[in-house]
Amino acid sequence: MDYFVISGGNRLRGSLSVSGSKNASLPIMAAAILTEGETVLRNVPDLADIQHMMKLLTLLGVNVSRDADGTMRLRVVDEQNCHAEYELVRKMRASVCVMGPLLAKRHTAQVSMPGGCAIGDRPIDLHVQGLRTLGAEVELTSGDVLLRAKRLKSAEVFMGGPFGSTVLGTANVLMAAVLADGSSIIESAACEPEVIDLADYLIACGARITGHGTPRIVVEGVKTLHGCDWTVIPDRIEAGTLMVASAITNGEIALKNCRLDHLMAAIDRFRAIGIVVERDADGIVVSSARRLEPTIITTQPYPGFPTDLQAQFMTLLTMADGNSVITEKIFPDRFLHVAELTRMGARLRKEGPTVIIEGVKRLVGAPVMASDLRASAALVLAGLIAKGQTRISRVYHLDRGYQRFDEKLNSVGADIKRLVE
Ligand code: EPU
């Protein structure tokens, strides 16, 4: 198993290119199940989660390959298998987004229930309810959800739940509705850029969708979809994490292949604590040269502050002058990083879904353990500024969602060694 040894204290300076979005790529790859002909997907990141989805799609009869430059080719060659088994789904929750496409195209989807996950319960009731509303018969069998429908019918589907809308749930229902008979409305739809990218991809394949990016998506069902050539959006969470890396080290990093409009909530908080974020010809430049102000952050569905940047901002706010408050409204238990950051000298007090962060003068290196993707990123960021060495074990969590993160950070001045246990 790989681990990192980070020697902290270096200022990061230079230019980096943001990779393609993991969370946009995964549902678009699944959507290829709906199409006839070839999909060429560009800017697909090289990540463990992407390889995982490739494996699942291969088992589901999709010919899929990825070149070193990030170009992926997908073509359905066999529609017999409709079963996403536990062994694969338990390793990557996003596997559930084959459910809508299998149901719509092959009339049957058998998908293992993903079970718990490091950041909380993460049920899929809203996915299933949405697909049922479109006419699927639903059964539970040995831990799998089995959905069947000869022909999906149009419907009004409500996707809101106790924590707001659901991103992959909206994706599943959208992917099913594009081949349903007639006109469907998805109310309380997720507005995340990854849902917009999926809808735009489907439109490029011949789907008829309007309203994506708003809470009301309207879908006119079509009979068939063809392939297309699509470039995935840049990864806003990787961009936000690299912005924190620049800010926390008092550095200056220019980010290319970066969508400022997808990062407004994070930029608002960066500016509130005294970090300079400027637009330049290729993207954005993030710099910081002074002690930070404390602030208050509440995670929310897009366009609010993303839960996927909560852990990284917690590390950043350990360096503020005073007390900050972070409240997690999407995954109230997503705080595995709190205990590990505390081992490095952070002063954190957790009260329910809220953490109070008392700024400290410095963090100190320590052996810590990565637990989930974004918590791992928060530990790497802490290691960049900690006095001495930080050893982070289980970095496979990080590799699920950040493409060669250590190499990227080293190229702008970090000192991260990847070693094998
Ligand atoms: N929820 C339900 N019922 C459902 C589905 C969701 O109650 O049927 C709840 C969840 O438990 C949570 C909230 O609704 O409290 C929102 O969850 P959502 O379904 O939107 O999450 P997701 O679609 O499973 C995606 C990303 C996550 C990201 C969330 C929120 C992918 C592959 N995953 O998950 O990304 O945190 O949206 O923005 O797109 C990550 O990349 O590290 C990551 C976890």
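Predicted model: local features only at pLDDT ≥ 70, side-chain atom pairs only at ≥ 80, totals over all residues.

Let's begin with helix H7, which covers residues 193-204. This helix has 12 residues and reaches 16 Å from its first C-alpha to its last, close to the 16 Å expected at 1.5 Å a residue. Which residues of H7 are buried? They are Pro193, Glu194, Val195, Asp197, Leu198, Ala199, Tyr201 and Leu202. Just after H7 comes Gly206, with a positive phi of about 110°.

That brings us to the backbone. Most residues other than glycine have a negative phi, and most peptide bonds are trans. With that in mind, find Asn250, which is not a glycine and yet has a positive phi of about 55°. Asn250 sits in the loop between helix H8 (236-248) and strand E17 (252-256), and it is partly exposed because its relative accessibility is 25%. Arg394 is not a glycine either, and its phi is positive too, at about 60°. You'll find Arg394 in the loop between strand E25 (389-393) and helix H13 (396-399); with a relative accessible area of 35%, it is partly exposed. For the peptide bonds, check the one from Tyr302 to Pro303: it is cis, with omega near 10°. Pro303 belongs to the loop between strand E20 (296-298) and helix H10 (310-317).

Now for the charges. Side chains of opposite charge can pair when their charged atoms come close. How many salt bridges are there in this model? The count comes to 27. One of them pairs Glu238 with Lys408, whose closest N and O atoms are 2.6 Å apart. This pair links distant parts of the chain, since Glu238 is in helix H8 and Lys408 is in helix H14 (residues 405-411), 170 residues apart. Is Glu238 buried or exposed? At 1% relative accessibility, Glu238 counts as buried, and Lys408, at 14%, counts as buried as well.

Another salt bridge joins the side chains of Asp308 and Arg334 (2.7 Å, N to O). Asp308 lies in the loop between E20 and H10, while Arg334 lies in the loop between strand E21 (323-327) and helix H11 (336-343), so the pair ties together parts that are 26 residues apart in sequence. Both Asp308 and Arg334 are buried. Salt bridges can also share partners, and in this way Asp2, Asp399, Asp406 and Arg418 are joined into one network.

Glu87 is partly exposed, because its relative accessible area is 44%, and Lys91 counts as partly exposed at 44% relative accessibility.

On the surface, Glu252, Glu278, Asp280 and Asp282 gather in a patch of negative charge. Asp282 is in the loop between strand E18 (276-280) and strand E19 (283-287), and it counts as exposed because its relative accessibility is 52%.

Last stop: Cys97, in the loop between helix H3 (86-89) and helix H4 (99-106). Cys97 counts as buried, because its relative accessibility is 0%.

Notes: Residues numbered from 1 in each chain as written. Heavy atoms only, no water. Patch = residues over 30% accessible without salt bridge, like charges linked within 9 Å, V, L, I, M, F, W, Y side chains within 5 Å. Areas by Shrake-Rupley, 256 points an atom, 1.4 Å probe, with all protein chains shown as cover. Salt bridge = Lys/Arg side-chain N within 4 Å of Asp/Glu carboxyl O. Lys, Arg positive; Asp, Glu negative; His and termini not counted. Charge placed at Lys NZ, Arg CZ, Asp CG, Glu CD. Helix = DSSP H or I, 4+ residues; strand = E, 2+ residues; numbered from the N terminus. Buried < 20%, exposed > 50% of the residue type's maximum accessible area, 1.4 Å probe, protein only. Expected span 1.5 Å × (residues − 1).
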